[in-house]
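Please look through the structure shown here with its side chains in view. The report that follows takes up aromatic rings, a helix pair and backbone angles in turn.

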Amino acid sequence: MVNPTRVLHLAAAPWRSILHAQRQEYALTLAREVARRVADPRKLTDARRSTDRLSRRSYGHPYDIATGDAGLAVMSGYANMCLPGEGWDAVAHEFLETSVRNLERCNDVHYGLFGGMSGLAFGAESLSQGGKRYRKLMDALDLNLAPGATFLGSQLRCRAGPGPVEAFDQISGASGVAAYLLRRDEHGVLPEILRGLVALAEERDGMPQWWTPHKHMSDEAMASSYPAGVLNCGIAHGIAGPVAVLALALNEGSRVPGQYESLRAFSDWLVAHRIDDQLGAGWPGVVPIDLADSEAFGYRLALNRIGWCYGTPGVARALWLAGEALDDHRLRTSALEAMYAVLRRPMSERRPESLMLCHGLAGLLQIVLRFWHDTHLSTFSTAATDIVDELIAAYQPRRPLAYASVEQGGRTFDRPGLLNGAPGVAMALFAAATDAEPSWDRLLLLS
């Protein structure tokens, strides 16, 4: 049994690489090469055109942080921290400048983190050297973002019933906007977002406000599978996102009435709805409404993918942050036990659907690195080393960006976006191979 009391005192330790010298150098070399390819204008243009053509859908917003230039600015800024003196700061500036120009030309702008204005604001802040640079840009973005952020929070507080997850989730909704505002909140709108997330804990007819009715499901496959509605567990689209936001806000001194109680209620719900199998504890992607109150629900559900967006690693990280904020040994222990169960599974059973940050090995690596940094438990250093080896083995030098995203049906694309493409792999490898603090993973609500 893990003793969480012993590991709490290590959280403030400086970031450092978990890799031994030879592996560290190799991982750093691969990360540099991927970043170099992504920064090559010809390769980047070709990758975007190929992705658009093969996936038969538009290549996102060119300014956004998930698929566009703001994300590549963040990648290049982190590369500059890891590889000082190699010119990456200029590359980051160019990507940020291009992202701003694309935003100015775009008629379809919203406020979300991964596809909207707060993601670009996050990128600008991450390159600002503590606010010393890009002040006019950040001020302009904050001025435009503030009304939308305020609306998102008040909408959650005032809505008459449950709605789509996009209203509160990390990808498009209030949780993602809060991830940026936790770093910079010049107009004091974070409390409104927090109040909105707190309101999700309110119950009507015995149901919390964060459940998703069938009519509000944008995922057709999910809607057809769960006609009664669901409670979403994931960190990207579910309640684990608000858990992480409320916990991080508490830890950083941002508090609103009811925050402690709501964080407790959400966390306790997740602990109560974990599933245990022969290898240990974990979480499904969603809990169907018609099974949520059944004592036997775990026997009729399967554990979800092993990744950041859905599945046990992302939920476990959110619970760990809640345990820190609430000083709750039980929550920290539940998080560690779940991660131990993930890492006990053979790689074939972890079912990583890709190599990327969102639902693949890179995202799992970043979560494991964060747990190691917070605990210094050897289980996590060993696991991180193993995952780095998996990513090294998956390197394909003949591919344009060296790492392919595997899509449904087994098709592969060289996606150039941060969340589902090769840049995210490079960033996780940089984090494993260097002593540069990966503060960029606030994007994922991991820190």
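F114 is buried, because its relative accessible area is 4%, and this value comes from a predicted model. W308 likewise counts as buried, with a relative accessibility of 0%.

**Aromatic pairs**

In total, the count of aromatic pairs comes to eight. In one of them, the ring centres of F114 and W308 are 6.2 Å apart and the ring planes stand at 55°, so the pair is classed as tilted. F114 belongs to the loop between α5 (88-105) and α6 (117-126), while W308 belongs to the loop between β6 (286-288) and α13 (312-326), so the pair ties together parts that lie 194 residues apart in sequence. Y395 and Y403 form an edge-to-face pair, for which the table gives the distance and the angle, and both of these tyrosines are buried.

| Pair | Centre to centre | Angle between planes | Class |
|---|---|---|---|
| F114 and W308 | 6.2 Å | 55° | tilted |
| Y395 and Y403 | 5.8 Å | 65° | edge-to-face |

Ring pairs also link W320, Y340, F371 and F380 into a cluster.

**The packing of α14 and α16**

F371 of this cluster is also among the α16 residues that meet α14. Helix α14 (residues 329-344) packs with helix α16 (residues 361-375) at an angle of about 130°, and their axes are 12 Å apart. The two helices are therefore oblique to each other, and α14 passes α16 in a left-handed crossing. On the α14 side the contact involves A335, L336, M339, V342 and L343, which meet L364, I367, V368, F371 and T375 on the α16 side. Of the residues in this contact, nine are nonpolar and one is polar, and none is charged.

**Positive phi angles**

Most residues other than glycine have a negative phi. Which surroundings, buried or exposed, does A402 have? A402, whose phi is positive and near 75° although the residue is not a glycine, is found in the loop between α17 (378-394) and β7 (405-406), and A402 is buried because its relative accessible area is 0%. Q129 also has a positive phi without being a glycine, with a value near 55°, and Q129 is placed in the loop between α6 and α7 (135-158). Q129 counts as partly exposed, because its relative accessibility is 48%.

Technical notes:
Residues numbered from 1 in each chain as written. Predicted model: local features only at pLDDT ≥ 70, side-chain atom pairs only at ≥ 80, totals over all residues. Heavy atoms only, no water. Axes fitted to C-alpha atoms, helices over the stretch in contact; angles between N-to-C directions. Helix = DSSP H or I, 4+ residues; strand = E, 2+ residues; numbered from the N terminus. Parallel < 35°, antiparallel > 145°, perpendicular 65-115°, else oblique. Left-handed = near helix turned anticlockwise from the far one by under 90°. Contact = heavy atoms within 4.5 Å. Nonpolar A, V, L, I, M, F, W, Y, C, P; charged D, E, K, R; others polar. Phe/Tyr/Trp six-rings, centres within 6.5 Å; stacked < 30°, edge-to-face > 60°. Buried < 20%, exposed > 50% of the residue type's maximum accessible area, 1.4 Å probe, protein only.
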